[in-house]
Amino acid sequence: MAKDIEIQQERDNIRFFIPSGDFYFNKGMDAFYRSDLQKAKKYLERAVQLEPKDPVFTLQLAVIYSHCEEFQQAIELFQRILKDLNPKMVDCYYFIAHNYTELGYFNEAYYHVKKYLEKDPDGKYKEEAEELLYLIETEDDDFEYSLYEQDELMMKQEEARWLLETGNFEKALIQLRELIEKYPDYWSSYNNMALAYFYLGQVDQAVEVLEELLEKNPGNLHGLCNLAVFFYHHRRDEELGKILEGLEKVQPLSTDHQYKLGATFAIVGRYEQAYYWLNLLKKRGFEGDASFYYWLSNAAHHTGQFQVSKAAWEQLLKLDPEKKGREPWFHQNEPFLYLEEDINAILKMLSSDKMVERLFAIFLLGNSSHRDEIIAHPDFKDLNEFSLTEKLYLSHVLATKTNISSNVKEMFVQAHQVACLLHEHHRPIHTNARDLFLLWFSIFLEGLKKEELFKNENAYAAATDYVWNKLNGGNLSQAAIAKQYHISVSTLQKYAKKIRMFIQ
C-alpha cells in the first residue's frame, strides 16, 4: 500500500510540457538569426499551425519563405494577413510587391508597392518602396495606369485565370480580349489567351497571339516557352528547334522563370537542360508544387540521376498520392491493372476507327488521375479531328461551355451519368469490364440517332449491366442487379427490353 502511495506521489509530481506557439516561434527566430533557414521555417510553420490567427507568427513565416525563395507561398501568407488577420499591417503590401518582383510579375509588384505608399506614405519601408518603384519603372516603361485601373486590371486578370482553370475557355477569351484591348501592354493576358485557344484546339490562333506578343515584347520568356510547347505537341519540329536554340542561351534570374524554363525543357524531352534548371531550384531550397516534382523526377530519371528521381517522386506522392504507379522508371509498355490509369490505352482508343471506343476513351479521360498528362501528350488526337459528337461529349467531360440546344445537352449529360453509375459498380475498370462500357456507348449512339432522352439513368445503367452480364454467361439474377441500382425488377425488365432494341 505504501508503495502504491509512493508511485501516486511520483505521478502527481510529473508536469507535462506541451510546447506552445510562442515556444516554436522563439525557436524559429533563434534559428533565423543563426541563418538556419530550414529549421527556422520548420519551427515557424509549427507555430502558425498552433496559432493560425496570430498575424505576427504568420508574418514572420512569410518573411522566411521569402528568404527561402518560396515567393508564391510568401505572397499567399501576406495576403492572408491583410484579408483575414490584420488589415492594418500595411507593410504586407510592400512585402508582396518585393516577392512579385522576384517572380518577374512587375505589374502585380507595381500595384502593391503603390498601394503601400498610398496606405502609409511615411511608413517604415518608404525609402525601400520608392526605390523598388523606380526599379520596376526602369524595367518596363509602361506603368501609366492609375490605381483604379490597376485594381480593375488585377480583378479581371484573376477572373480570366479562374475561367481558364475551370475550363470556361470561350468566356476566358472574351475576358482576355477586353483586357488586351484596354491594357495592350499587360503581357500575361496574351499568354493566357494563347492557352485558351490551344485548349480549344485552335492552335493557329494560339500561335498568332504569341507571335503578336513576342513582336511587342521580344524575349517574353513565358511566351517563348508556351510557343515551344505548342510546336512540340503539333510536331512542328523545325520551328520548335529554332525556339529551343534560343531558350538554351537564356539565363533567367527569377525563380518563376527558371521553373518555367526547366518544365518546358522537360515537356519537350530536353532532359539535360530540364534537370539543370529544376535541380538548381531544388538545391536552393525551392519547394514547388506537384508539377515541379513530377518534371524534376522525370528529368532526373532520363539523365541517370536515379536517386534524385526517386526522392523527387516520393515528395510528389506526398502532394498527389494518385500519381502512385506512374513512376518514370516503369517500363512504358508494362501492362496496367486498370484502364483509367493506362495512358497509352486511352491515347490508342482516342485514335480508334470505332466511335464507341473513342467515346469510351473520352469517358476514361474524364476519370483518369492523369487527365492533364494525356491532354498534353504529343500523341493526343488533334481536336480538329474529333467528330461533333465527340467534341460535345468531350466538352461535357472537361466541363467546358458549348452553344448547343438544351435537349441535346441533356442527352449527353444523362448518357454520361449512366456511364458514371456503371463506373461506381465496376471501378476500377479492368479489361474484362471494357465491353460493358462499349455496350453502353453503342446504346447511347443508337439512342442519339433516335433522339432518346435517357431520363431514368439508374434503370439504363442496371439494364445495360444486366444484358452485358447475360451476354458474358454471368449468373447474376434480375433481383440482385435491380437491388444494386435501387430500382424494381419490373423496371429492370422494361429497360432491358428497351436497350435490346437498340443493339439488335
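**Figure 1. E451 sits in a loop between two helices.** In this predicted model, E451 lies in the loop that joins helix 24 (434-449) to helix 25 (457-471). Its phi is near 55°. That is a positive value, and E451 is not a glycine. Is E451 buried or exposed? With a relative accessible area of 63%, over the 50% cut-off, E451 is exposed.

**Figure 2. H486 is another loop residue with a positive phi.** H486 is found in the loop between helix 26 (478-484) and helix 27 (489-503). Its phi is about 60°, although H486 is not a glycine. The relative accessibility of H486 is 71%, so H486 counts as exposed.

Figure 3. Helix 5 covers residues 71-85. At 1.5 Å a residue, its 15 residues should span 21 Å. The end C-alpha atoms are 20 Å apart, which agrees. Which residues of helix 5 are buried? They are F71, A74, I75, L77, F78, I81 and L82. Seen down the axis of helix 5, these buried residues fall within an arc of 165°, so they line one face of the helix. The spacing follows a general rule: an α-helix has 3.6 residues a turn, so residues three or four places apart point the same way. On the other side of helix 5, K83 and D84 are exposed. What covers the buried residues of helix 5? The cover includes helix 4 (55-67), helix 6 (91-103) and helix 15 (255-267).

Figure 4. Helix 10 runs over residues 169-182 and has 14 residues. From first C-alpha to last, helix 10 reaches 20 Å. This is close to the 20 Å expected at 1.5 Å a residue. The buried residues in helix 10 are F169, A172, L173, Q175, L176, L179 and I180.

**Figure 5. Y259 and F292 form an edge-to-face pair.** The structure holds 27 aromatic pairs. One of them is Y259 with F292: the ring centres are 5.5 Å apart and the planes stand at 90°, so the pair is edge-to-face. This pair links distant parts of the chain. Y259 is in helix 15, F292 is in helix 17 (residues 290-302), and 33 residues separate them. Both Y259 and F292 are buried.

**Figure 6. F292 also pairs with Y293.** F292 and Y293 form an edge-to-face aromatic pair. The distance is 5.1 Å centre to centre, with 75° between the planes. How accessible is F292? Its relative accessibility is 0%, so F292 counts as buried. Y293 has a relative accessible area of 7% and is buried.

**Figure 7. Six aromatic residues form one cluster.** The members of this aromatic cluster are F412, W440, F444, F454, Y460 and Y495.

Figure 8. The charged end of K381 sits over the ring of F386. The distance to the ring centre is 4.5 Å. R358 belongs to helix 20 (residues 355-367). Is R358 buried or exposed? At 12% relative accessibility, under the 20% cut-off, R358 counts as buried. Which residues does R358 contact, leaving aside neighbours within four places in sequence? They are M349, L350, S352, D353, K381 and E390.

**Figure 9. L244 is a buried residue of helix 14.** L244 lies in helix 14 (residues 237-247). Its relative accessibility is 2%, so L244 counts as buried. Apart from neighbours within four places in sequence, L244 is in contact with A228, F265, V268 and R270. L244 and T264 are 20 residues apart in sequence. In space, C-alpha to C-alpha, they are 9.6 Å apart.

Figure 10. Residues 21-54 are 79% helix and 0% strand, with end C-alpha atoms 9 Å apart. Residues 90-123 are 79% helix and 0% strand, and their end C-alpha atoms lie 9 Å apart.

**Figure 11. The protein as a setting for the close-ups.** The protein has 27 helices and zero strands. Of its 504 residues, 48% are buried. Among contacts between residues at least 6 apart in sequence, 57% join residues at least 24 apart.

Notes
Residues are numbered from 1 along each chain as its sequence is written. This is a predicted model: local features need pLDDT of at least 70, side-chain atom pairs count only at pLDDT 80 or more; totals for chains, interfaces and linings use all residues. Side-chain values use heavy atoms; hydrogens and water are left out. Helices (H or I, at least four residues) and strands (E, at least two) are DSSP runs, numbered from the N terminus. The expected span of a helix is 1.5 Å times one less than its number of residues. Buried means under 20% relative accessible area, exposed over 50%, partly exposed in between (1.4 Å probe, protein chains only). The arc is that of the directions from the helix axis to the C-beta atoms. Contact means heavy atoms within 4.5 Å. Rings of Phe, Tyr and Trp (its six-membered ring) pair if their centres lie within 6.5 Å; planes under 30 degrees apart count as stacked, over 60 as edge-to-face and the rest as tilted. A charge sits over a ring if NZ of Lys or CZ of Arg is within 6 Å of the ring centre and within 35 degrees of the ring normal.
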